[in-house]
Amino acid sequence: MLTKKINKIFYKSLNNSSPEKLIINKLKFNKNSIYYKNKKIFTYKKKYYLISLGKASQSLANGFLKSSKNIEDYFIVRHFKSKNKKFNLKKTINSSHPLVTQKSYIAAKQLIKFIKKIPSNSDVIFLISGGGSAMLAHPINELNFNEKSLFINNLLHMGIGEREVNYFRKKLSSIKSSKTLSYFKDSNILNIILSDERTNKIDAISSGISVPQNQKKINIKLLNKVINQRFCSKKISNLLIKNNQFQPINHYSNKVVSHIIGDRFDLVKELKKNFRSEMNAKNIKYFGHIFEKSFDASIKKIYKSLNEFYSNGKKGINILIFTGEIPVKANLKSKGGRNQHLSAVFIEKLKNYKNFSFSCFSTDGCDYLKGVHGAFIDNFVIKKIYKNKIKYNKYINNTNTFYLHKKTKSLFYGDYSDNNFSDFYIFSYLND
């Protein structure tokens, strides 16, 4: 079955491009210096402090702990406990994702507590991956945590992009948008970043928690759209308008350097290699990252490219790879995730295709629902839908596609991956 082969190769490739392996393979540690691409990027006096946060925090931290013996102390913010990585429990804090919870607030307070113990003029390395925005929540003084978390959790269901959601997080946070740097004094700071961002915009990843940046104004059209939502209280609306000011870059007296250690292209490269060697695929293409102004526009772009690829395929296995994080407008009663919804939408569009598979994966191992990585459709799933007269559009219209995929046994199950590159959509077919 084509889907099983794709599935097996995807997870092998994801493992081979783990953040831990990226750290070990791409960084060189020599005396008191760290090199990346044969260039010295960080020099420390004797030892340095390590702070790791985001969905890949444990894998990133493990890469450093295996590579360097000069770590004075470390602190890890994680959203699950990895079975394969052992850390001092006193140096870790468990948080939550994708929703902001009380754990996010406690984690932020513990991070600040750790940072305050770091002496002035210290050498500090941040390991940053996507997801830190939800895992660390510390509101501005005018706002209490419950008010902020309710607003952010509702905002996530609006169907706007993660970068756009983070605009609002930054305006209401006392630590995001480089404000964490205010707790350091005259320190030497290196940010090592695993990117899941659509254009590798580093100040958007985990809301740029330690990346110096301009405090930009939110686009008025987007701001008005959000403050006119029912869930946006008058208090938050006023704070957003008040804080929607431009402020120049502030290093808070620190020297800060940032580098991206890995992104989706690392996984694309690994996938191509394994599809060639294990499936003898001759025609493998990466289309690019999908992010349009709306869900419908994204679907049209994918389908157009997919249809052209299917119509002009070569003999044998043909594989077309997309990446993206296509936001879906939902509500608190919805059951599913971006990848479950996306794959379901293509049932109608691909129902007449032969010998195909369309698999949609979350590289972090959570398609909104814990234990679910995403979903797929293929000829067998479509046959089952029509044979059993399943009204699939009902599930799509109600954004309850989890139940649809559960009926058709087309879910990808599994634990968190300790990785985070964005979502991957893999279309494959056998042209015989």
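A salt bridge here is a side-chain nitrogen of Lys or Arg within 4 Å of a carboxyl oxygen of Asp or Glu. The views below show a predicted model.

**View 1. A salt bridge links Lys 66 and Glu 20.** The closest N and O atoms of the pair are 2.7 Å apart. Lys 66 belongs to helix 3 (residues 57–67) and Glu 20 to helix 2 (residues 19–26), so the bridge ties together parts that are 46 residues apart in sequence. Lys 66 is exposed, because its relative accessibility is 57%. Glu 20 has a relative accessible area of 12% and is therefore buried. The whole structure holds 19 salt bridges.

**View 2. Asp 418 and Lys 85 form a salt bridge.** Their closest N and O atoms lie 3.4 Å apart. Asp 418 sits in the loop between strand 16 (411–413) and strand 17 (423–431), and Lys 85 in the loop between strand 5 (71–78) and strand 6 (92–94), so the pair ties together parts that are 333 residues apart in sequence. Asp 418 is buried, at 4% relative accessible area. Lys 85 is buried too, at 12%.

**View 3. Asn 419 is in the loop between strand 16 and strand 17.** With a relative accessibility of 1%, Asn 419 counts as buried. Leaving aside neighbours within four places in sequence, the contacts of Asn 419 include Leu 14, Ser 17, Ser 18 and Pro 19. Also among them are Lys 55, Ala 56, Leu 194, Thr 363 and Asp 364.

**View 4. Lys 201 and Asp 203 form a salt bridge.** The closest N and O atoms are 3.3 Å apart. Lys 201 is partly exposed, with a relative accessibility of 23%, whereas Asp 203 is buried at 12%. Elsewhere, salt bridges that share partners join Glu 325, Arg 338 and Asp 423 into one network.

**View 5. Ile 6 lies in helix 1 (residues 2–16).** The relative accessible area of Ile 6 is 0%, so this residue is buried. Apart from neighbours within four places in sequence, Ile 6 is in contact with Phe 275, Met 279, Ile 319, Ser 359, Ile 426 and Ser 428. Ser 428 is 422 residues from Ile 6 along the chain, yet their C-alpha atoms are separated by 8.2 Å.

**View 6. Four lysines gather in a patch of positive charge on the surface.** The patch is formed by Lys 221, Lys 225, Lys 293 and Lys 329. Lys 293 is found in the loop between strand 10 (283–290) and helix 11 (295–311). At 91% relative accessibility, Lys 293 is exposed.

**View 7. Ser 178 and Lys 409 have positive phi values.** Most residues other than glycine have a negative phi. Phi is near 75 degrees in Ser 178, and about 55 degrees in Lys 409. Ser 178 occupies the loop between helix 7 (162–171) and strand 8 (188–194). Lys 409 occupies the loop between helix 15 (401–408) and strand 16. Ser 178 is buried, at 0% relative accessibility, while Lys 409 is exposed, with a relative accessible area of 67%.

**View 8. A cis peptide bond joins His 97 and Pro 98.** Most peptide bonds are trans. In the bond between His 97 and Pro 98, omega is about 5 degrees. Pro 98 is placed in the loop between strand 6 and helix 4 (102–116).

Methods:
Residues numbered from 1 in each chain as written. Predicted model: local features only at pLDDT ≥ 70, side-chain atom pairs only at ≥ 80, totals over all residues. Heavy atoms only, no water. Helix = DSSP H or I, 4+ residues; strand = E, 2+ residues; numbered from the N terminus. Buried < 20%, exposed > 50% of the residue type's maximum accessible area, 1.4 Å probe, protein only. Contact = heavy atoms within 4.5 Å. Patch = residues over 30% accessible without salt bridge, like charges linked within 9 Å, V, L, I, M, F, W, Y side chains within 5 Å. Areas by Shrake-Rupley, 256 points an atom, 1.4 Å probe, with all protein chains shown as cover. Lys, Arg positive; Asp, Glu negative; His and termini not counted. Charge placed at Lys NZ, Arg CZ, Asp CG, Glu CD.
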